[in-house]
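Open the model in your viewer and keep the selection panel to hand. The stops below go from the whole chain to single residues.

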Amino acid sequence: MRSNLWRPIADNKRPTLVVLGDYYIFGDAADGIVVSRLMRDFAINSREELDRYLMLNPDKVGSYVDVNLHYLPVSVGRGLRSLLPIVNAATNASGERPGVETMSDMKPEIFKAANVVYLGFLSGLGALQDPLFRASGFKVGDNFDELIDKATGRRFKSDWGVVADGKVPQRDYGYIASMLGPTGNRILIIAGTRDPAVAQMAEIAADQEQLKAIDAKSGGGAFEALFEVRTLGNLNLGSSLVLARSIRAESIWQPERPSGAGNSSHPAN
């Protein structure tokens with residue numbers, strides 16, 4: 001519990017919530033009556049967004065329908081098995097057992113009231129995506145299978161694009177980060193590009209030796225760590241630490257100001 005990852009949660013004694021990255025799916029009723037297939041569109045992440053899409057695409061009204069369904073990547077279940085014992089141990093001081101919620105059910109005020117441990121794909125970060133990537137030294141590439149180092153332009157890309165060529169993916173990227181929340185709470189990100197990386201990061205987050213290796217390179221405070229994960233399809237075979245570094249944590253919860261805006265006379269809290 002004394003690693004840079006878990007120490008802040010053990011020390012601040014707030015309630016802790018494990019948040020799982022889930023995805024919205026909707027039905028396609030081509031005949032306007034019977035739903036014949038379920039669909040996932042990365043631009044449609046809720047019933048409200050489906051309604052807005054249908055307003056702009058009236059030809060799909062009656063065909064695309066809300067069926068009140070979400071799904072979790074299979075790696076989230078495997079990851080929870082690794083994470084829950086250590087999350088339980090880290091939260092003993094608060095006197096409350098950690099809760100578990102999906103990202104789609106999260107209310108914004110929770111990000112102020114509790115410590116948050118996110119588990120899932122990088123593409124499922126939801127409301128955490130913008131503050132994380134403002135603090136991070138990475139940005140998302142052409143899609144969430146790729147991260148780009150802002151300083152060097154170096155690209156880290158999962159092999160899942162090769163599936164269309166009939167090849168077996170052999171490389172994913174996993175990501176772990178710890179940052180300060182908007183009220184002094186702690187937010188942890190345990191994520192990956194695809195299933196093998198998510199499962200591997202959950203194992204690393206529960207492994208004291210692996211966490212010591214991150215600590216040695218990242219220093220104290222807010223940090224991020226990137227791992228290259230060896231895979232065989234959906235199976236994680238192991239990983240190597242690519243980098244670990246401190247990240248900018250101050251003012252990431254403040255709205256970005258327009259270019260040229262004057263400086264406030266009052267410092268941010």
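Residues are numbered from 1 along each chain as its sequence is written, and side-chain values use heavy atoms, with hydrogens and water left out.

**Select everything.** Colour by secondary structure: the protein has 7 helices and 13 strands (DSSP runs, H or I of at least four residues and E of at least two, numbered from the N terminus). The C-alpha trace spans about 60 × 50 × 45 Å along its principal axes. Of the 269 residues, 45% are buried (under 20% relative accessible area with a 1.4 Å probe, protein chains only; exposed is over 50%, and partly exposed lies in between).

**Colour by pLDDT.** This is the predictor's confidence in each residue, from 0 to 100. Its mean is 87, and 91% of residues reach 70 or more.

**Select 259-269.** Here pLDDT stays under 50, and the model has 5 contacts beyond four places in sequence for these residues (heavy atoms within 4.5 Å). Where pLDDT is low, predicted coordinates should not be read in detail.

Most residues other than glycine have a negative phi. Lys13 has a positive phi, near 60 degrees, and lies in the loop between helix H1 (7-12) and strand S1 (16-20). Lys13 is exposed, with a relative accessible area of 55%. Asn68 also has a positive phi, about 55 degrees, but lies in strand S4 (residues 64-71). Asn68 counts as exposed at 55% relative accessibility.

Notes. This is a predicted model: local features need pLDDT of at least 70, side-chain atom pairs count only at pLDDT 80 or more; totals for chains, interfaces and linings use all residues.
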